[in-house]
Amino acid sequence: MLAAYATAINPEDPLAGFEVGELEPAAPPADWVTVEVRAAALNHHDVWALRGFGLSEEQLPMVLGCDAAGVDPDGNEVIVHALVGDPEWPGEETDDPRRSILSEQHPGTLAERVSVPRRNLVAKPPSLGFAEAACLPTAYLTAFRMLFTKARLRPGETVLVQGAGGGVATAAIILATAAGARVWATSRSEDKRELASRLGADAAFETGARLPDRVDAVIETVGEATWGHSLRSVRNGGRIVVAGSTSGPSPSADLPRLFFRELEVLGSTMGTCAELVRLVAFLDTTGARPLIDRTIPLAEARTGLEAMVAGELQGKVVLQP
Ligand SMILES: NC(=O)c1ccc[n+]([C@@H]2O[C@H](COP(=O)([O-])OP(=O)(O)OC[C@H]3O[C@@H](n4cnc5c(N)ncnc54)[C@H](OP(=O)(O)O)[C@@H]3O)[C@@H](O)[C@H]2O)c1
């Protein structure tokens, strides 16, 4: 089948080990189901994989991709949840120490077909197109969990979204706006600040700018470059939810500010299948939709990945097999 896959790990030049061509992965476990992919979406996770995070040389070649929507063997339109774990694990999938994300241990979604355990399939409502549905399982699910499960955001509260141009950040702006929160965003780029406003942010500021007031919660995926600003911007007893560190992983913790102002710092990764079901229902009822930068054939996946590495995107890249 046609697939976009990693043939080599290269920390400096991730695209050097990226190919699109014919690849037939090993047969999946007998009790898994195979979905005909109608749309898949790129994530920064694919670039991290090509750099060697979460993917090792012994697993190559590996089909990349965490996000897909398609049709199951019974003809149902489905969205694929990307976390694969131990079926016996009693808690949330996100806490399962044996969990992996599609394309780390099992072939990913950037292909004509993807196989997963049946419990990973979520019904796609007719109101969502395949391209929109394919954007949800990573960036949108991560933002959904950060906002509503971890930050416990309520309508009327103010949330600060750092790095407005990122995939998770744009998702957070769209979802928080639809939920009735006041959304403030930061970005280094004027274009992206304008984008944030178009998506519903009440105000957009330059990265690091002093805000008019302290916020109830912060959505932090940028890391070192914005961490100090996040700590300074949140109100006493407020919540900072962290799911990424694009600009660097080791900022100053500023412990006195943390304990003296009783801040909550919460880590967050992906989301559960139950949260994906709630996210789909949320979009179905509110009419909010993912922001898509472009939809291109799977065969042209390299151009989408190049644009992502260059930081040129405004929204998701959707691939159609
Ligand atoms: N834990 C999880 O489950 C999970 C899920 C998805 C993603 N992630 C992680 O979350 C992070 C964000 O991913 P993403 O795909 O949403 O976006 P991204 O493209 O990695 O970038 C996020 C934003 O960070 C800002 N930024 C980057 N470098 C910066 C710098 N030096 N100074 C100031 N701002 C900077 C940029 O915002 P502006 O250009 O607007 O300033 C950029 O749009 C990644 O590290 C990703 O691996 C984690």
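**View 1. Strand β14 and its partner β11 in the predicted model.** V159 stands opposite A217 of β14. Strand β11 (residues 158–161) and β14 run parallel and are joined by 3 bridges; two strands pair if DSSP finds at least two bridges between them. Helices (H or I, at least four residues) and strands (E, at least two) are DSSP runs, numbered from the N terminus. This is a predicted model in which local features need pLDDT of at least 70 and side-chain atom pairs count only at pLDDT 80 or more, whereas totals for chains, interfaces and linings use all residues. Residues are numbered from 1 along each chain as its sequence is written, and side-chain values use heavy atoms, with hydrogens and water left out.

**View 2. Strand β14, its surroundings and its partner β15.** In β14 (residues 215–220), 6 of the 6 residues are buried, so the strand is largely enclosed by the rest of the structure. Buried means under 20% relative accessible area, exposed over 50%, and partly exposed in between (1.4 Å probe, protein chains only). Strand β15 (residues 234–242) pairs with β14 in the parallel sense over 5 bridges, and I240 of β15 stands opposite V218.

**View 3. The open sheet.** The sheet consists of 6 strands in the order β13-β12-β11-β14-β15-β16, with parallel pairing. β13 and β16 (264–267) stand at the edges with a single partner strand each, so one side of each is left without a neighbour in the sheet. Between β12 and β13, which run parallel, there are 4 bridges; T186 has F205 in β13 as its bridge partner.

**View 4. The two sides of helix α5.** Which residues of helix α5 (residues 190–199) are buried? They are K192, R193, L195, A196 and L199. Seen down the axis of α5, these buried residues fall within an arc of 155°, so they line one face of the helix; the arc is that of the directions from the helix axis to the C-beta atoms. E190, D191 and R198, on the other side of α5, are exposed. The buried residues of α5 pack against α4 (167–178), β12 (182–187) and β13 (203–206), where contact means heavy atoms within 4.5 Å.

**View 5. The two ends of helix α5.** At the start of α5, a side-chain oxygen of S189 reaches to within 3.3 Å of the backbone nitrogen of D191. G200 follows α5 and has a positive phi, near 125°.

Key: Polar contact = N/O pair within 3.5 Å; in protein donor to acceptor, adjacent residues only side chain to side chain.
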